Amino acid sequence: EKKGFTVERSYTGIQTAFRATFGSGRPNVCVISEYDALPEIGHACGHNLIAEAGVAAGLALKAALECSGAPEGRVTVMGTPAEEVEGGKVHLIANGAFKDVDLAMMVHPTPDDVVAPKVLALTELTVTFTGKAAHAAAFPWEGVNALDAAVLAYNAISVLRQQMKPSWRVQGIISNGGVKPNIIPEKSELAYYVRAPTMAEVEILKAKVVSCFEAAATATGCRMDIHPVKPGETYFDLVNNPVLSQRYAESLKTLGVEFKLEGDMTGSTDMGNVSYAVPSIHPMYRIGSGEGNHTREFTAVANTPEAHSQTLTAAKAMAYTCIDVLTTQGMLEEVKKSFEAGKPC
């Protein structure tokens, strides 16, 4: 607001989301400030930097629009919370936050510079096994051990990995394993992430994981209940817009940054859902000296002067790309045409 943006707090009813806009008319280019943190290890995914990059790009674009002879257009800085677990952007999409946006972009710190990363689709699976409690020493034969079901399911999924495609990922924890060692566990719970390059493959892999749950329930005599998937628990794969990616890559060259056009399979993000709604890019940029995301080492690197400097470089690349859209005749139409052509079936 102090910089002249119109700011809407609690945007679309989400308390920690916001939208800041400047300008009028179209195109409406949206840069995203994503913010979140990880339990116990803090900014191990660099969300402090992601939020900074969106704000910096937004301020740069405002300055460009204020220049003499600037074209008509609008810049939106959207603050999107809860990417790690709750899927903040999924809820924003459902609430209509991107309906008047022509394109969207954000950047993400990682150990490497990648213009068009390969991001996996994801769905969450939570299963509860219910058995029967009994005294573990005196009358164990009267119990039905729900923890045994969880362990069997966990091990079955571990064995399943031998037949999984190299691009498939399944990760899980036992989130409830019982109360005390002297009580046969009556309840157990597993929480899993199922990932694959496309949502169609996620469904195939999900069915295999569910079969492991069912087999464990049958083997132990437990009841199995799979929790319904909630909004925000499914992240789509990322559809990188080729026109925007090309312009972003050209901006990096101008800034003297060496980069890869594509990288190896990485994690998942609710920005994938945005890329299904509007033309989008989600480039990765390098900080540190090889520290991996979701580690304490990455948390330390994310708060260094060098990381902030690299973040501002990535923000400049976003701003340059958006300025190209605002000033290049026919570019927005080209972006939208490639978006329609690349939409998943």
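1. The structure is a predicted model, in which local features need pLDDT of at least 70 and side-chain atom pairs count only at pLDDT 80 or more, while totals for chains, interfaces and linings use all residues. Residues are numbered from 1 along each chain as its sequence is written, and side-chain values use heavy atoms, with hydrogens and water left out.

2. Helix α9 spans residues 331-341, and M331, L332, V335, S338 and F339 in this helix are buried (under 20% relative accessible area; exposed is over 50%, partly exposed in between; 1.4 Å probe, protein chains only). These residues lie on the same side of α9 because they cover an arc of only 130° around the axis (taken from the directions from the helix axis to the C-beta atoms). E333, K337 and A341, on the other side of α9, are exposed. Helices (H or I, at least four residues) and strands (E, at least two) are DSSP runs, numbered from the N terminus.

3. An open sheet of six strands has the order β1-β2-β4-β3-β5-β12, with mixed pairing (two strands pair if DSSP finds at least two bridges between them). Its edge strands are β1 (6-9) and β12 (280-281). Strands β3 (residues 28-35) and β4 (residues 73-81) run parallel and are joined by eight bridges.

4. The model has 15 salt bridges (a side-chain nitrogen of Lys or Arg within 4 Å of a carboxyl oxygen of Asp or Glu). One of them joins K260 and D112 at 2.8 Å, N to O; the two residues are 148 residues apart in the chain. K260 is partly exposed, at 43% relative accessibility.
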